[in-house]
Each structure stands twice: as structure tokens, then as C-alpha cells.
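The sequence and the structure come first.

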Amino acid sequence: MDSTTVRPAEFVDHTTVTPTVEKDVVELGRAASHEKAGSDLKVEVTAVQEPDLYRPLKMSEEIAHEESILTVRAVVVGILLGALVNASNLYLGLKTGFTFGASMFGAIFGYGILKLFSKTSLPVIGGPFGPQENSIVQAAATGSGGIAGLFVAGLPAMYMLGTMDGSNPRDDFGKLITITIVCSFFGLFFVTPLRKFFIIRVGRELRLIFPSPTAVALTIQSMHAGAAGAAEAVKKLKALGVAFIAALIQKVASLYATGVLYDWHFFTWIHVWSNYTSWAMHIESWGWFFEVTPAFIGSGMLIGMNSALSLFGGAFLAWGVIGPLLVYTGECAGKLQVPHDPNWADWYTYASLRDLGKATPSPRYWLLWPGVMIMVCSSMAELFVQYKVIWYAFRVVGQRSCQSINAFLVKRGKHSEFFASRAAKEVKGNADMVEDPATPEQQVPVATWSLGLLVTIVLAMLIFHFQWGMHPGLTILACILGFMFSFLAIQIGAVTDQTPLTAASKASQLIFGAATSGKGYDLHDAQRLNLVAGSLASGAADVATSLTGDFRTGFLLGTPPVKQWYAQFMGTMISVFLAPGLFVLFTTAYPCILDGSDHCAFGVPSVAAWAAVARAVTDPTVTIPLKAGIFAVVMGVFSMCQVVFRHYYLVGEREKYQKYLPNWGAIALSFVLPNPVFTTASLFGAIIAKVWRHYNLANFNIYCYAVAAGLMAGEGLGGVVGAVLQIANVSGDVYGTTVGCPAGIC
């Protein structure tokens, strides 16, 4: 989704939603600079000089030097706020395939809590509070709010395919924790040395703006900009709190009247009002209804009109044009939702991924392959057009490795001409290299991340061998793929704010499908290995992208990287236990999550997609439809051509036309999602933001991100409350109504 990752990270199976438009970041920076200049909102924002976003931000002179920022209060508050987002992401990810970042939520709510604490004289929680400590709260929140993507995609897919030893996650809780540890800390350790490369060495040259982390830094800066900043921060905090509570209440209430408060099935209503004789159910069958989902209305407010229109356009193309044509020509077939009931004889589902071995597939399975191909091709094209950067990165890594080996040999009185000559040959940088504000003492020690990485890889080989049946050689391959795809994800996410986790996971699944083919694995073993490898690549890329984003936020605020790293490390320590526990909670409340039922409260689109790819590359009875494969290749090539066209032709004076190009990652995501309902809500949110920005830019800059963050977190936490109510047997299934739902099914 992880993820404006949307970071629509990572348009991805489990997409992390964060602000995506670079212009919004610049406008926020102007507004923040204006706050430092004064509080007269009548001054034109555009009259303020644009801040240089490749240098640390200039803070208010009223801010005192922060002696200690890695405080107990900052870490604990950040972890608690991140835990809320983690719980929210489990619900939203299982329901829709999207997850959301914790940075903005942690930054704003963390400011409010610690600002209140700072006014007391109590030990530990009292004392001054500044922007760098605020960034520690945000980093801890990112750590504890992460890794939810594993539990909304690859891991539940293993249960869906019957590849796990236990019948439910409670039986496999230990295994779930160990694989989470490997995926989390592998990404955390190996990406640490890449901070200097992405943020310092090539940041300005490649315009790696990191939109979401930059927006978080600018928000923190504005909140700490003296009296005017404090007043603005209070406004943001109130807006976030109101949106959070309103979304939570609306979600919980909607569980008892889904057809009234959440899903508006206009075409079902027409069908009922016409005495069950209308054409309307033909449209309803394709998922064309409106969902009052605060989370996706909020995400639409963040991702901008281009991404929102691309999402909606892709959904219309997939579920309004291609899908119906496939059914009309007999290429695909649907499945009756309510057999033997003449009142609902025209209500079908076209989104089932069950019975994949049938000769006539569902439209969703047919559309899955063009969607995956477009994601992989467009993401790879984005990487390949930066071939100079990749080559430079390998040269830098090689030279640094030679330096380390040479220093090790010299300490032991030995000499190697090979390593010595290459260690002395410094890789030439570029003239635009950013000055690093962090001193060597403020960097993460090499011994810390290198030893941690070594231990994690060894641990991965042991865990994957004894618990998951993976040969150590395949584990090394999975780690290499995880590193490669993380590099890709960071590079693309830094420019577009869309982390291609789908490309990482699906490419890893395809490679492992080839690697295990003909090696004597039975079907379930091959599928399990396929999903484990994809999970490692996707999970590592997710964590690596989040940490690099935190480093970018800290760079702008002058926060020492080592302190941010420890904050996220401690947050991650919590998430590796929290995410599996929440997964057990949801699967206990809703067992249908694991069996792929067509009538489940959770659509699990990512889970079904992962399972379908695993089956396609391991099960000889499951094939990719020929026409789907041809169409996928054509669309993949077309999406690559657009990347080349944008990168090499729409430059200079023509660069202004780039914003009119469709976002193929968003279009592809709409092909993968089982219906267009989420894209419709996102478009609605984007329209709200567009109108709001146009008529009151200053008000928009103050409130928009806060409101959006509150809406997303509030609905997700409402879903967690719903799971608890379900287990307690007091949910909407028992005491609610299905008025307004087709055939009484919502």
C-alpha cells in the first residue's frame, strides 16, 4: 500500500499511504518558513523564499539546545502511538490491502502529549521539549507501527493454502514471531549504512525529496516555531484528535448498521425499489457502490489528484470495461452470490480467487497478471533509468568494503596490495553532494549494524531451515533479493513516495518459483518457501524504507542518526510481538480470513493475490490465461515506455507536463484490488483536498495532514474494537441490522 507509501509506499499489495505530491511538501515548507517570519496570515505564502530541502531546516531562535533527546518519555510515547497505528494497519490491511505510515500521526500526537508533559516538574516526564525529541517520538512510532504488512499478505496466504503446520495462528505463534524478527531486523541493519548514500551523496543530484518524511519534518518545524508555531500545533492536534475520535466512533457504530452508516449500495436500492426486476444488480456485481470509509477518504486527501484519478481510472478500466468485456465474450465467468434465490439472480461476484484450476477463470484472476506485470515493469524501469546511480552505489560500497578490510588487516600487522590500493582510491562524488550535519560520533557505529546484520543472517538461515524447511542457500538468495529490492524501493519511494513493495514481493515469488522448480519439493513445501521468500523481500524493503525516511526527517531537523536508530530499534522490538498478537486477535474473531471465504468481513485482497501467485508458479494445474499473459506483457512494456518518455523527454522546459501523465503504479493497483470501492473513496478525498487547497491554502496547510492522519488511524482502531466485540459475541452480527445491504449480506 507500506506506505503514500499512497508510501498510495508502496503502490503495493499492502500499500502504505503517505503524502505523495512534491508540490505539497514545498508549500508546507513555505508555510513553515512563513511561521518563523511572523504570524500575519495575510502575507502571501508564495512571497516567502522556498526553503532548501537539502540542508537542515533553520529552527526558531527561541528553541533552546536539546541536551538529551533519546528520553524515556519520547520512546514510550512513540511506541504507544505506533502501537495504535499497528493495530489500525492490521485491520485496514486485511480488509483492503492498504497500510498507513505512523510518522505524521506520531509527530503530531507526540507533540501534544510531550508538550503537556513538559509543563510539569515531574521527574522523567517533565522538562523542556524540542523538535529533535519530537523526531525521536516519530521514529519510535514508525518502529512500533511497522511490519504489519507481513500479516496482511504472505503469512495469511500460507494458511489459505494449507502450508502451515498449525490449523490457526495461535498454534504457530512462535514461528510467526521468529519470522517477524528476521524480516524486521534484516531490513533495519542492512539499510543503516545506506543513509549516507541516499540522503548525503546523491540526494540533491537525484532530487530525492522523500515527500512524506520531509512533510513530517516541516510539520515538526512549524509546531516548534515559537508562539505562532505552538498555536498552530494546538490547531493541528485538535484537528487530528477530533478526526480520530469521529472516525473511530463512526466505524464502531457502522458495525451495527453497515448498509446505512458505511456501505451505500445505490444500485441495490434501485433493484429493491423496482421490485427486484431492474438492471442495477449487473452494476452492483462489479463493486460499484460508495463506502463511507474515513481511512480512504483521508488517504485521498494526501495522495493528490493525479494518483487518485489514476486509481479511479484504473478501476474503471478494470472493473467497468475490461472485466465486463471478458465476461461478455466468455473469457471469464462470475459466480452467483446467492444461488436459488430468484430475487438476486443477477447478483454475481467476479472477484473470487478460489478454484483457480478451472478452465474459465474469474475476471479478478485474469486482471491480476496485468496488474502485477505493470507494477513490476514500471518499478524496474524507474530503477534502470537511474543506472548511473546504481553503478555509483556499487562503487561506493565496494570502496568502503575495501577500506574496512584493509583497516582490519593493518591492525593485525598484515598488508594486501589489492585492498590497500582500492581503499586509497576514493570514489569521486558529485558537486551537489549534501553536507552531513551529523558528526562521526553521531553516526550509527559500524560495529553495531554490521554485527547485527551478520547475526540476523545467521539467525535467518537457522530459523528458515528448522522452522520453514528452507535450505540455507535459498535463505541467502532471499536475503540478496531483499537487499536488491529494498534498494529499489528506497530509490523510487524517495522520488515518488510510492514504495513498490508489490514489485519486490512478486518478483521474489517468481524468482523462487524458478529456483525451487524441479528440486523435488512437494506442492505445499514449494508454496511455503515461495511465500516466505516474498515475505522476506517485502518485509525487509518495508522496514528499510521506513528507517531511511526517518533518517531524512532527522537530517532536516538535525537529529543525530544514532539516536533515531535506537528509537526505531526499540519500537521495532515491540512490533515483532505486537503484530503477531494482533494477527491472532483478528483471526480468532474472524476465522474466514484464513479460508478465503467469499462472504467475509475482510476482503483480504493482498492475501488472495499472494496465494494466487504462489499457486501459479508452483502448481502445474494452475495456469496463467494466455490472453491475460499477452495483455500483461503489452501493458508492462507500455508502462516502461512512459517511464523512459518522462525521464528522458519531459525534462527542462517540458518537465511541467509530467504531472499530466497517469500513474501506472496506481492503475496497476486498481487491477489487483477486488473492486473499485476504495478508489472511489480516495477520489472523493482528493477532490475535498483539491477544493480546500484552492480556496484556503493557509487553512489547508494547517489542518489537512492532521485530519487525514486522524481519519486513517481512527477507522483502523475502530476495526480493532470491532474484533474485540466479535470475540465477546456482542458485535453487529448479533445485534446489528443489514438494512440496505444486497440480500442482507454486507
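Y91 counts as buried, because its relative accessibility of 4% is under the 20% limit. The model in which this holds is predicted. By the rule for ring pairs, the count in this predicted model comes to 36 aromatic pairs, and Y91 and F602 form a pair of the edge-to-face kind.

**Aromatic pairs and cluster**

- The ring centres of Y91 and F602 are 5.7 Å apart, with 80 degrees between the planes.
- Y91 belongs to helix α2 (residues 72-96), while F602 is in the loop between α21 (561-589) and α22 (605-618), so this pair ties together parts that are 511 residues apart in sequence.
- F602 counts as buried, because its relative accessibility is 3%, against a limit of 20%.
- Y111 and F129 make a tilted aromatic pair, at 5.9 Å centre to centre and 50 degrees between the planes.
- This second pair links distant parts of the chain, 18 residues apart: Y111 is in helix α3 (residues 103-118), and F129 is in the loop between α3 and α4 (131-144).
- Both Y111 and F129 are buried.
- One aromatic cluster is formed by W264, F266, W269, W273, F290 and F684.

**Charges over rings**

- K175 has its charged end over the ring of W468, at 4.6 Å from the ring centre.
- Over the face of Y649 lies R654, 4.1 Å from the centre of the ring.

**Helix α20**

- Helix α20 (residues 523-557) consists of 35 residues.
- From its first C-alpha to its last, α20 reaches 51 Å, close to the 51 Å expected at 1.5 Å a residue.
- Of the 35 residues of α20, 32 are buried, so the helix is largely enclosed by the rest of the structure.
- At the start of α20, the backbone nitrogen of H524 has a side-chain oxygen of D522 within 3.3 Å.
- G558 follows α20 and has a positive phi, near 80 degrees.

**H271**

- H271 is placed in helix α11 (residues 266-273).
- H271 counts as buried, because its relative accessibility is 1% and the limit is 20%.
- Not counting residues up to four places away in sequence, H271 touches Y276, T277, S278, A280, M281, N343 and W344.
- One of these contacts, W344, is 73 residues from H271 along the chain, and their C-alpha atoms are separated by 9.2 Å.

**L218**

- L218 is part of helix α8 (residues 211-223).
- L218 has a relative accessibility of 0% and so counts as buried.
- L218 and L53 are 165 residues apart in sequence, with 9.6 Å between their C-alpha atoms.

**R170**

- Is R170 buried or exposed? R170 is exposed, because its relative accessible area of 54% is over 50%.
- R170 is located in the loop between α5 (154-161) and α6 (173-191).
- Leaving aside neighbours within four places in sequence, R170 is in contact with V584 and T588.
- P580 is 410 residues from R170 along the chain, and the C-alpha atoms of these residues are separated by 9.3 Å.

Terms used
Residues numbered from 1 in each chain as written. Predicted model: local features only at pLDDT ≥ 70, side-chain atom pairs only at ≥ 80, totals over all residues. Heavy atoms only, no water. Helix = DSSP H or I, 4+ residues; strand = E, 2+ residues; numbered from the N terminus. Buried < 20%, exposed > 50% of the residue type's maximum accessible area, 1.4 Å probe, protein only. Contact = heavy atoms within 4.5 Å. Phe/Tyr/Trp six-rings, centres within 6.5 Å; stacked < 30°, edge-to-face > 60°. Lys NZ or Arg CZ within 6 Å of the ring centre and 35° of its normal. Expected span 1.5 Å × (residues − 1). Polar contact = N/O pair within 3.5 Å; in protein donor to acceptor, adjacent residues only side chain to side chain.
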